[in-house]
Amino acid sequence: MKKFDSNFFYALSVLIGAIVGVGIFALPYAVNQVGFIGGLIFFSLLVIFIVFYHLIFGEIILRTKGEHRLLGYTKIYLNPFFKHLISFSTVVSFFCILAVYLLIGGQFLQSIFSSSSLTLDNYIIIFWIFSSILVVCGLKTFAKIELIVDIFLILIIGALFIFTFPELKFNNISNFEPNNLFLAYGTIFFALMGASAIPDVRSILKNKEKKTFWVIISGTIIAALIYLIFIFVITGLSGNNVEKLATENMKNIFPGQFSLWMYLLGLILVLTSYMESSHFLRESFLYDFNLNKFFGIFVIIFIPIFLILLGVNDFSKIIALVGSIFGSIDAIVLLLIYLKAKKFGNREPEYSLKISNPLIYFFILILSVGFLSSFWI
């Protein structure tokens with residue numbers, strides 16, 4: 001009998017947790033801007049690309065000795081211009097997203113404890129204190145938490161689909177607005193990205209790197225299916241009245257008790273997203289920026305709350321801009337790294353994709369168009 005491989009499921013849960021986050025609550029609106037049919041096609045195409053993108057990053061990691069994050073691989077394979085570009089992209093995008101997580105986490109806490117007299121600012125501080133404690137947790141503890149959270153997430157989304165299916169109105173999902181395609185790009189791209197967790201996948205799998213390939217494929221597809229179910233339900237119940245944040249629709253379409261469970265789900269997603277992003281920054285500061293470990297933790301904890309005080313508060317716009325600008329930049333640079341790693345990698349990878357250079361350049365062209373679309377958001 002085959003021995004149960006707990007590390008495989010820990011690695012899988014970390015990747016799913018990195019992908020499925022607060023972006024889920026912006027996806028119904030983004031897809032609705034294109035129309036469900038057009039949005040579904042666009043979403044599916046991006047899922048296919050993201051699967052290849054994650055696999056490409058996995059191959060780069062397996063072709064290179066040592067512990068690195070995207071910035072580290074940029075330093076190894078590309079010239080200093082790209083190093084500075086990725087440094088800027090990493091720091092700005094992740095700190096903006098952490099600030100948004102604090103804001104949304106506070107809003108979910110306020111919705112859950114609506115009878116309390118505490119203000120939104122109070123709940124943001126409470127969420128910040130709790131999440132900051134988790135920042136100092138090790139990867140193993142983080143992975144075990146993610147596994148429990150992902151099981152709970154799948155159960156909740158499954159229950160949501162089963163109990164609401166009879167109420168879905170299929171005429172709500174038939175419209176198509178191709179002119180709004182660029183509006184959806186940034187949000188969908190942001191929601192699907194989970195590359196920051198792939199170095200951790202390798203670390204968790206230890207001497208079983210061959211399984212990296214299957215963790216990446218299965219984790220990305222499972223996350224995409226979770227998103228699709230949520231988009232289908234919210235759009236099917238709300239039609240063209242989908243709000244920028246699906247939590248606003250949840251107040252109207254779910255009964256009180258179920259709505260409470262959905263807010264709890266939202267809180268868990270924000271928390272796990274915050275944990276994953278903080279962990280990525282912590283590792284990047286340690287391995288790529290060569291910062292003192294405790295200084296790195298200090299800035300990760302305090303800069304996001306400082307940004308909240310400065311007025312970072314537009315959830316949907318920041319997600320769309322981070323996805324279209326910084327997501328596209330990171331993806332383009334990663335593809336350029338891949339071209340170099342195939343030639344100059346110093347390690348034999350456990351898997352090797354058969355992707356031609358012209359296809360890589362085509363991907364870069366499409367991502368460049370996506371980057372430019374940010375100016376129309």
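**Pockets, cavities and helix contacts**

Trainee: What volume does the largest pocket have?

Mentor: This is a predicted model, where local features need pLDDT of at least 70 and side-chain atom pairs count only at pLDDT 80 or more, while totals for chains, interfaces and linings use all residues. Residues are numbered from 1 along each chain as its sequence is written, and side-chain values use heavy atoms, with hydrogens and water left out. On a 1 Å grid over the protein atoms alone, a pocket is an open set of points with protein on both sides within 12 Å along at least five of seven lines, whereas a cavity is a set where a 1.4 Å probe fits but cannot get out. With grid points joined across faces, edges and corners, and volume taken as the space filled by probe spheres set on the points, the largest pocket comes to about 380 Å³.

Trainee: Which residues lie nearest the centre of the largest pocket?

Mentor: Lining residues are those with an atom within 4 Å of a point. The largest pocket has 16 of them, and nearest its centre lie Phe42, Leu45, Leu46, Tyr185 and Ile366.

Trainee: Which elements give two or more residues to the lining of the largest pocket?

Mentor: Elements are DSSP runs numbered from the N terminus, helices being H or I with at least four residues and strands E with at least two. Those that give two or more residues to this lining are H3, H8 and helix H15 (357-373).

Trainee: How many residues in the lining of the largest pocket are nonpolar?

Mentor: Ala, Val, Leu, Ile, Met, Phe, Trp, Tyr, Cys and Pro count as nonpolar, Asp, Glu, Lys and Arg as charged, and the others, Gly among them, as polar. The lining of the largest pocket has no charged residues and 1 polar residue, and its nonpolar residues number 15.

Trainee: How much space lies in the largest cavity?

Mentor: A search of the whole structure finds 4 cavities of 30 Å³ or more. The space in the largest of them is about 480 Å³.

Trainee: Which helix gives the most to the lining of the largest cavity?

Mentor: The largest cavity is lined by 30 residues, and those closest to its centre are Phe94, Phe190, Met193, Gly194 and Ser196. Elements giving two or more residues to the lining include helix H5 (80-112), helix H12 (256-287) and helix H14 (315-344). By class, the lining has 18 nonpolar, 10 polar and 2 charged residues. With 6 residues, the helix that gives the most is H14.

Trainee: Are H5 and H14 roughly parallel or roughly antiparallel?

Mentor: Axes are lines fitted to C-alpha atoms, for helices over the stretch in contact, and angles run from 0 to 180 degrees between N-to-C directions. The axes of H5 and H14 are 10 Å apart, at an angle of about 150°. Angles under 35 degrees count as roughly parallel, over 145 as roughly antiparallel, 65 to 115 as roughly perpendicular and the rest as oblique, so H5 and H14 are roughly antiparallel.

Trainee: Is the crossing of H3 and H10 left-handed or right-handed?

Mentor: H3 and helix H10 (residues 212-238) have axes that come within 10 Å and cross at roughly 160°, which makes H3 roughly antiparallel to H10. A crossing is left-handed if the near helix is turned anticlockwise from the far one by less than a right angle, and right-handed if clockwise. The crossing of H3 and H10 is right-handed.
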